[in-house]
Amino acid sequence: MNILEINNLSKVFRLHILHGKKIEALKNIQFSVQEGEIIGLTGKSGSGKSSLMKCLYRTYLASSGEILFSSRAGKIDLVRADDHAIIALRKTEITYCSQFLSVIPRVTAVDVVCESLLRTGNKEEARAKARGMLEMLGLPTELWDAFPVTFSGGEQQRINVARAIIGDPRLLLIDEPTASLDQKTKDTVIDMILELKKKGTSVICISHDEYTLERLTDRRLDLRFGELTEAAMVS
Amino acid sequence: MIENKKYSNKYNFAFIDESTKKEIRRKLLKAVAIPGYQVPYSSPEMPISRGWGTGGLHVSLALIGRDDIFKIIDQGSDASVNACNLREFVQMMTHCKVTFDTTEATLIQSRHRITEEVLKANQLFVFQVPQPEPLRGVERYENKTRQMHGEADYAKMWVSLYESFVRYGDIMLGAGYPVKVNDRYIMAPSPIPRWDVPNLNQSEALFLFGAGREKRLYVVPPHTKVEPLEFEDVKFDIERFLGKSCYRTGSGKAFLDELFLDDGSKQFVVNDSNYLDKLAAGNPVRQHVNKYLNTIQS
Amino acid sequence: MSGIKDNWLLKVRNLTKIYGEPNENTLKLTGPSCNSNICPETESIVACADVSFDLFPGEVLGIVGESGSGKSTVVKLLYFDMEASGGAAWLKPFSNGHSNMLDASNQQKRFIRNHLMGMVYQNPRDGLNFRFSSGGNIAEKLIMAGNLHVGNIRDRASGLLDKTEVPVRRMDDRPSSFSGGMQQRVQIAKAIANNPPLLFLDEVTTGLDVSVQAKVLDLIRELQQELGIAMIVVSHDLSVIRMLTDRTLVMKNGRVVESGLTDQILQDPQHEYSQLLVSSLL
C-alpha cells in the first residue's frame, strides 16, 4: 500500500524583499512511497533535498502539486490540509528529524526526546522510554538531565534521532541521520530505523553516506536542480 | 380683616417646600422598593452645611407630621451639641413634640448609633450618612461602583476583608461594617459600631439613610434580611468589652464608652444616654435581641 | 479528518474594532495594501478588522506584528477589555459554543473571564491590583468563583505562588515591592487561579531583562505542558513565538496578512510583510 503519493510537486520561493525574485527549488516531483519502505534521497548540496523534506512536513508550502498521505483517518493532501490537521499528524504520524537540532532552551535532554509524549501521555513512562533510547544510542548518562544546547554535534544528532522516532511514527523524514556519528553509533541508529521499518514505518532519508544508504534504503531517488533524475524515475 | 395664616410663619412647615418634600418622599419610596439600593436625590440647600447631617435632616423633615414625636441623638447622646441644635431647628420649623425617650419617639434621627432599646413598628429611624458608598474604599470611580452594584460584582469588597484579616488577623472594620441587604446589595450601614449591625436585621422599624453631601438615599425596610459580610471560616462579631461594665449601672450588656474621670481613673459607661438614664433610674427597658447579644451575660 | 473541524475551543470570525465613525469605504481604504489603518475619508481608525481563526484545546497560537498592528486589540476584545465593533466569537465551554460570547450580558462576560479565561498583561499594573497583597490578588479570582473560605483561599494561593516560583512567604506583601519578573509571575498565578482552559498572554516578556524573560517563558511552557491550557501569545518577538507557539497569525495594519504553522511562518513566510519581519530577525 502506498503511504505517500507525490504528484507534480513544485516549490517556487518568491522573495518580496528582492523585488519579487523567484527561485525554483523543486520542479514536478513525482514519486510514491510504500508502507515500510525506506527511500534514500541523494543529490548535491542545493539540489532541493531538504526543500522536498520540508514540503512534505509543511514547513514549506508547496507551490503546486499534491502530496497524498494515507493517514490512519484516510487520505489527506498535505499541501492543502488545514493547519490543525497537520499539527495532529505531526503529533502522531509524521515526524521530521532535521540536520540541526533546534530545541527549546533550558529543557533537559530527556524531556527534549520525549516532548511529543509529554503533552498527552503519562510523563514518567515517557521519560523512561526516552532514557531507554538514549541508553541505546550511547549518550552518557550524565548528559541526560543536562541542556542539549551545549552538546557536541554527535550528541545533538543522537538526541535529534531519538526525538524523531520515539513516538513510532508512520512516516519518518530524516535528514542526515548518521553524519557526525562514529561507526558504532551509526550502526545503532541504522538498526533502530530498521526496527521501525519492521513495524511498518516508511522512511525518507537524506544522506551523503554510502554506507548508510547501502544498509538502510530500499530505493534511491536522485535530485538534480530540483528535479528527480531519470534513473530515479525508473527505479 | 382676613387673617392670612398661610404667611404668618416665614417658613413652610418643616422648612422644606412641599414639592421638594414630595421629591424626597418619592425617592424614599423607590429606596423602600429596592432595599439597600442608593437612590440619587436633589439634596436641597439647608441652613447647615452639607456633611453636618443634612441628609438625615432632609429625610426627617420630608417625613415628619404634626403628630410626630421627634428624638435625635449623636453617637448615642441626646445632649451633644449637634443633636441639640438640630432638635431645636426641627422643633422651630414644625412645633412638634420632642423627646429623649426612645420608646415614646415616632421619628428618631441618629448619627452613628442605633438605640439600645428595641424599635417598634410605628417608629422611623433616620441615619445621617457621611459616605453612602460601601465600595468607595476599593473603587474610587462612581461609574465603576454603580456598575459593580448593578452586576452584584463584589469581589473587591471581599478581597478588602480578606486583606484586613491577613494584615491584622481580624476584619478590622470598627464602624460601618459592610452588610448585604436582602441577599442583593452591599450597603454601608453608616458608621455605626459593629455592635449595632445585627440590629438592622429583620427589624420592626423602618431604617432610612440620608447622605446629603453625597446626594444619596437608601432604606432598609422592616423585616428585611441584613447580613454582615463574613467568610465561612472568619466570622463577623460585635465588639467585646471583656467583662467590663458600666460604672454607673453595672451593665455589661450595652455598647460602652471609655471614660476618664476627674481623678484620672478609667471607667466605662453605657453610650446610649437615654438607655443609661433608664437603667440608672431602674425603669424597665427592652433591649434588641440578636445572637451576638445572647452570648453576653448581663 | 472531518471530525477535527469541530474540535475547536475558541472560534473567532471577522473580529473588528474601529474607533470613530467609519463609512462603507473604511475597510476598503485601510489595511496592509494601503499601508495604513486610518481611513482617509472618515479619519476613523481600524484597530483590527476581519480577524478570524480557530483555536483548539491545548493549542498555542501566536499573534505577531509590529506596534499598532492590532495584535493586542484582538486579545483585549476577546477578554472583554474593549468592546468589539463587529464580528463574533464562540467559546466551547460557554453555552456549549452555541452563542456568541461578544453578545453575552455583563454578568455572563464576567463569568467567562473568571472561569474560562485568564489574561497576563505586559504591564503587571493592568492585571494586578497594587493595593492588594499578591495573595489578595489571587483571592480576588477565587472569590469571584464563589470561594469564601479564607483557609482554602490561602491554601490555593500559596499553591499557585509555589507553582509560579514566587516565594510563598511573600504572599502577604504587595506586588509593588516585587521585581518585574516576580510581578509577572504573580500575574500568571492569578490568571490560572481558576484553571481556565484559555489563557491570553500579551507581550508578557517585553521589558524584562533576558534572564528573567527566560524564566517567565520557561514557566509558561511548563504550565502549558502540565495543565494543557490553550494560549494566545501576543508578541513582537519572534523568538518568543518560536519557543511557545504551534501556529501563528501575522498582523499588519489591523489585518491578518498570513497565518500558518509557526515553523512555516518562520522558514517559508509568504506575505511580503512576513518576509520582512522574519528577515529582520534572522
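1. How many helices and strands does chain C have? Chain C has 10 helices and nine strands, where helices (H or I, at least four residues) and strands (E, at least two) are DSSP runs numbered from the N terminus. The radius of gyration of chain C, taken over C-alpha atoms, is 19 Å, close to the 19 Å that the globule rule (2.2 Å times the number of residues to the power 0.38) gives for 282 residues, so chain C is as compact as a globular protein of that length.

2. This is a predicted model, in which local features need pLDDT of at least 70 and side-chain atom pairs count only at pLDDT 80 or more, while totals for chains, interfaces and linings use all residues. Residues are numbered from 1 along each chain as its sequence is written, and chains are lettered from A and ligands numbered from 1 in the order in which they are written.

3. In chain C, 52% of the 282 residues are buried, meaning that 20 or more other C-beta atoms, placed from the backbone, lie within 10 Å of the residue's own.

4. Where chains A and C meet, 21 residues of chain A are in contact (C-beta atoms, placed from the backbone, within 7 Å) with 21 residues of chain C. The largest share of the chain A side, six residues, comes from α2(A).

Technical notes: Buried ≥ 20, exposed ≤ 12 C-beta atoms within 10 Å, placed from the backbone. Contact = placed C-beta atoms within 7 Å.
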